[in-house]
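Please read the points in order.

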Amino acid sequence: MMNVSPSRPARRTELLAAGAATVTVVLWASAFVSIRSAGAAYSPGALALGRLLAGALALTVICLVRREGVPPRSAWRGIAISGVLWFGVYMVVLNWGEQQVDAGTAALVVNIGPILIALLGARLLGDAMPPRLLAGMAVSFAGAVTVGLSMSGEGGSSVLGVALCLLAAVGYAAGVVAQKPALGAASALQVTTFGCLVGAVLCLPFAGQLVHEAADAPVSATLNMVYLGVFPTALAFTTWAYALARTTASRMGATTYAVPALVVLMSWLALGEVPGPLTLAGGLLCLAGVAVSRSRTAKAAAPQTVAEPRPETASDSA
């Protein structure tokens, strides 16, 4: 009877983190489709700056309402690195890459990021690498490869596009690993808001392009850019940071293997692209791998790394 009470808040935290990760995955999948759409009217740097400005504005308003304040000094190193690499470099090169390859191929290539996250997390953060996590990553990566191969015949793949998406994956992985320690000193909202601001400052050289292109862009492209800032950036990066503060970087990275499958579904609904049997099979493999990596066996290894960097501030953003 005495042991039931402590497990209840732990179970609630686990469910909230899983829900936050789900929101992130769905919104990030939608971003690949929106980038393809807005990228027809906006250049990569201008689109990144517009997205980051919209996201920073939304996040700043929320921070002011919640009176979050400025993150402590100990969190700034991780915030700055993730802001430069993930919010800045990642968004520019992904936008550029998606002008060369289709959304499904981009999602496939970027999703080598979780493998890099797991390796960097194990090396730099001491994240556990349980067999179930490794097995889930292998299954999901096989599914992501299947999705990419099934779509490669649709055209648009290029060496430059693939190279840019690989660079985006490196920026994404390094940003996640840098962000994890910062969440031990600041809330998820603080880390996301100031990381977004750092990225926006980095992209300011594209301000002239943004103003010029916004004058000629169709309303639909501009609305897509605003959507990217408010939802896949402001909301999804915050729910990501919330979940990351409550688990390991490796396990969070593994959840994003569901993105390619969702990108295929959203492309079908929004762009009229009908996925073939091979694409559907790859999507199911992606989801199966996520289920394996998030199994109870994999969870058993997580608390030893989460407990150390997460004081009271991590729960302030709940």
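How many helices and how many strands are there in the protein? The protein has 15 helices and 0 strands; helices (H or I, at least four residues) and strands (E, at least two) are DSSP runs, numbered from the N terminus.

1. Basis of the note. This is a predicted model, in which local features need pLDDT of at least 70 and side-chain atom pairs count only at pLDDT 80 or more, while totals for chains, interfaces and linings use all residues. Residues are numbered from 1 along each chain as its sequence is written, and side-chain values use heavy atoms, with hydrogens and water left out.

2. Of the 318 residues, 53% count as buried (under 20% relative accessible area; exposed is over 50%, partly exposed in between; 1.4 Å probe, protein chains only). Among contacts (heavy atoms within 4.5 Å) with a separation of 6 or more, 93% join residues 24 or more positions apart.

3. Salt bridge. The structure holds 1 salt bridge, that is, a side-chain nitrogen of Lys or Arg within 4 Å of a carboxyl oxygen of Asp or Glu. Arg66 and Glu68 form this pair, with their closest N and O atoms 3.2 Å apart. Arg66 is partly exposed, at a relative accessible area of 40%, whereas Glu68 is buried, at 15%.

4. Thr239. This residue lies in helix α10 (residues 219–244). Thr239 is buried, with a relative accessible area of 14%. Not counting residues up to four places away in sequence, Thr239 touches Ala20, Val23 and Thr24.
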